[in-house]
Amino acid sequence: NLKQNAKIISRSPVSFKGTEKSPINIKSSDASGQGIFVMADQEESVMEYVVFDKLSNPSHFGWSLTGAVCFYESPVTIEHCTFKNNNSEDALNIFRSKFLLNNSHFENTSSDALDVDFSVGTISNSSFKNCINDAVDVSGRNITLLNLTIDKVGDKAISLGENGHMKGENITISNSDIALVVKDLSSAEFNNISVNNVKVGIAVYQKKSQFGPGVAILNNFKSKN
């Protein structure tokens, strides 16, 4: 229980392994807990069956992060984890790292759920619900999305920018503002996308002057309402 602005800062890899019947709960009962920051110098961390609840972004002696849980240049495997009720710009931020995020759930995020910056990895068999801003926000490098369910997003369900490359398959997006965004020299290929009750299905454009336009390929794209 991280109280009174407590936080965890690790300069070595972490191994948090709960079970389905007995998950690890990392919470903040007074909603002041500043979360977890891992900078393990390319050593791999593992998180299984962990629940992160009511955490905010770490800050320390003049610097601050955007994610309540942040991996910086630290490979990580995250499976069967839940991120909910965060009080930060991102519930989870992965920066310049290789990663696997599988069978995990994001809910009630105060801004973005997942922010991936200049990383390589796969997001699979996971769900996102009640995100004030974006569900999946990716900048740069190569990302694969497989079997995702995204519901009730205030801004973009999936956003790709800054010369990023993405492949996505079997994704359902509902009750959101914008389903898919590809911008700023990024390229994406989506297969089997189902969109329901969304204001904008897909937006492809240039936002930043130092980049060019985005490119999107959609196969078997279904849209309703």
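Guide: Start with Lys 199, an exposed residue with a relative accessible area of 70%. (Buried is under 20%, exposed over 50%, partly exposed in between, with a 1.4 Å probe and protein chains only.) The model is predicted, so local features need pLDDT of at least 70 and side-chain atom pairs pLDDT 80 or more, while totals for chains, interfaces and linings use all residues. Residues are numbered from 1 along each chain, and side-chain values use heavy atoms, without hydrogens or water.

Lys 199 has a partner. Asp 177 forms a salt bridge with Lys 199, with the closest N and O atoms 3.8 Å apart. (A salt bridge is a side-chain nitrogen of Lys or Arg within 4 Å of a carboxyl oxygen of Asp or Glu.) Asp 177 sits in strand 19 and Lys 199 in strand 20, so this pair ties together parts that are 22 residues apart in sequence. (Strands are DSSP runs of E, at least two residues, numbered from the N terminus.) Asp 177 is partly exposed, at 22% relative accessibility.

Side chains of opposite charge can pair when their charged atoms come close. By the rule above, the model has five salt bridges.

Move to Glu 162 and Lys 208. Their side chains meet in a salt bridge at 2.6 Å, N to O. Glu 162 is in the loop between strand 18 and strand 19 (165–183), and Lys 208 in the loop between strand 20 (187–205) and strand 21 (215–224), 46 residues apart. Both ends are partly exposed: Glu 162 at 22%, Lys 208 at 32%.

Glu 73 and Arg 96 form a salt bridge at 3.7 Å, N to O. Glu 73 is partly exposed at 26%. Arg 96 is partly exposed at 42%.

Next comes a network. Salt bridges link Asp 134, Asp 155 and Lys 156.

Some of these residues also line the largest pocket, among them Asp 134, Lys 156, Glu 162 and Lys 208. (A pocket is an open set of points on a 1 Å grid, with protein on both sides within 12 Å along at least five of seven lines; lining residues have an atom within 4 Å of a point.) Strand 17 (136–139) and strand 18 (142–161) each give two or more residues to this lining. By class, the lining has one nonpolar, three polar and eight charged residues. (Asp, Glu, Lys and Arg count as charged; Ala, Val, Leu, Ile, Met, Phe, Trp, Tyr, Cys and Pro as nonpolar; the others as polar.)

Conventions:
On a 1 Å grid over the protein atoms alone, a cavity is a set of points where a 1.4 Å probe fits but cannot get out, and a pocket is an open set with protein on both sides within 12 Å along at least five of seven lines; lining residues have an atom within 4 Å of a point. Helices (H or I, at least four residues) and strands (E, at least two) are DSSP runs, numbered from the N terminus.
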